[in-house]
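Here is a friendly tour of one model, with the cut-offs spelled out along the way. Have the viewer ready and follow along.

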Amino acid sequence: MKSNRYKILVLSDLKDSSDTIMKTTANLAKMIGGGIDLLHIRKPVDIVESDNQLSSMRAINRDYIASKDHIKSIIKSIDKELNINYSLIYGNVKQEIEEHIQNTNPDIIVLGKKRFNALKLSGDRVTKFVLKKYKGIVLIASNDTILKPNESLSLGVFNGFEHSTNEELAKSLMAYTQKPIKSFKIQKSSEASKKDDNNDVLKDTVEYVFESNGNAINNLSNYVSKNNIDLLCINREIEASKKNKLSSSNLTNIIKKLNVSLLLTD
């Protein structure tokens, strides 16, 4: 296995899909070289049912033991060669996530694909909060499909991923990728599509260009599905060219409608 070049932080709610997400994270760590830090945050208000201080402490203690055993069972099912640490914290979800990110400075944050009605933060979802606060690499892992490093990945790229700053990460993924790579773009019909033939990262690509309209995200989702894409790499922002900058609404729709793992670069 490669050395731990990347610090990978998994924000887990320990729901049914946690095993799948952790196995995807473990396989990503194998592909790119990384150590894993699992963070689970519990809100005391969801556990404590009584105003009695002693009863509240007992309830939290029981929950801590159960949650800790659950985390250990998940970690036990993962490759033992990987370096996996965990933190179990009780407090404000939003605040604890932000403090943990600041204290540990991860290279990649992993989230599960939410059902868009779960784990809200005063009206704001965890995914939206993380994308707003953290400008690094974010993997939104599929709840249904595990990325497998020993098989050829079907890799897709979107929104100028080839121009992102993560060339080293891209090259690591290429070693596990079947050719050709699928490149997806959304642009106005009046704009000419330009392919960068001098880019060494994304040689041998097939490009799909969709017209920018109300059906663009649906068309993207359909073609990603038709091409059996396992992992779609998205450059979520291109400062040098505002016309290609991915809007927050489009990104939200992509996350919501595409049923594959999404790797969002800085």
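## Helix α1 and what follows

Helices (H or I, at least four residues) and strands (E, at least two) are DSSP runs, numbered from the N terminus. This is a predicted model, in which local features need pLDDT of at least 70 and side-chain atom pairs count only at pLDDT 80 or more, while totals for chains, interfaces and linings use all residues. Residues are numbered from 1 along each chain as its sequence is written, and side-chain values use heavy atoms, with hydrogens and water left out.

Helix α1 covers residues 18-32, and its 15 residues should span 21 Å at 1.5 Å a residue, which agrees with end C-alpha atoms 21 Å apart. The expected span is 1.5 Å times one less than the number of residues. The helix is mostly covered, with 12 of its 15 residues buried; among them are Ile21, Met22, Leu28 and Ile32. Buried means under 20% relative accessible area, exposed over 50%, and partly exposed in between (1.4 Å probe, protein chains only).

Gly34 belongs to strand β2. Its relative accessibility is 0%, so Gly34 counts as buried. From Gly34 to Ile84 the C-alpha distance is 9.7 Å, although they are 50 residues apart in sequence.

Two strands pair if DSSP finds at least two bridges between them.

Strands β7 (residues 137-141) and β12 (residues 261-265) run antiparallel and are joined by 3 bridges. Leu139 has Leu263 in β12 as its bridge partner.

## Aromatic pairs

The whole structure holds 5 aromatic pairs. Rings of Phe, Tyr and Trp (its six-membered ring) pair if their centres lie within 6.5 Å; planes under 30 degrees apart count as stacked, over 60 as edge-to-face and the rest as tilted. Phe184 and Phe210 are stacked, 6.3 Å centre to centre with 5° between the planes. Phe184 lies in β9 (residues 181-187) and Phe210 in β10, so the pair ties together parts 26 residues apart in sequence. Both Phe184 and Phe210 are buried.
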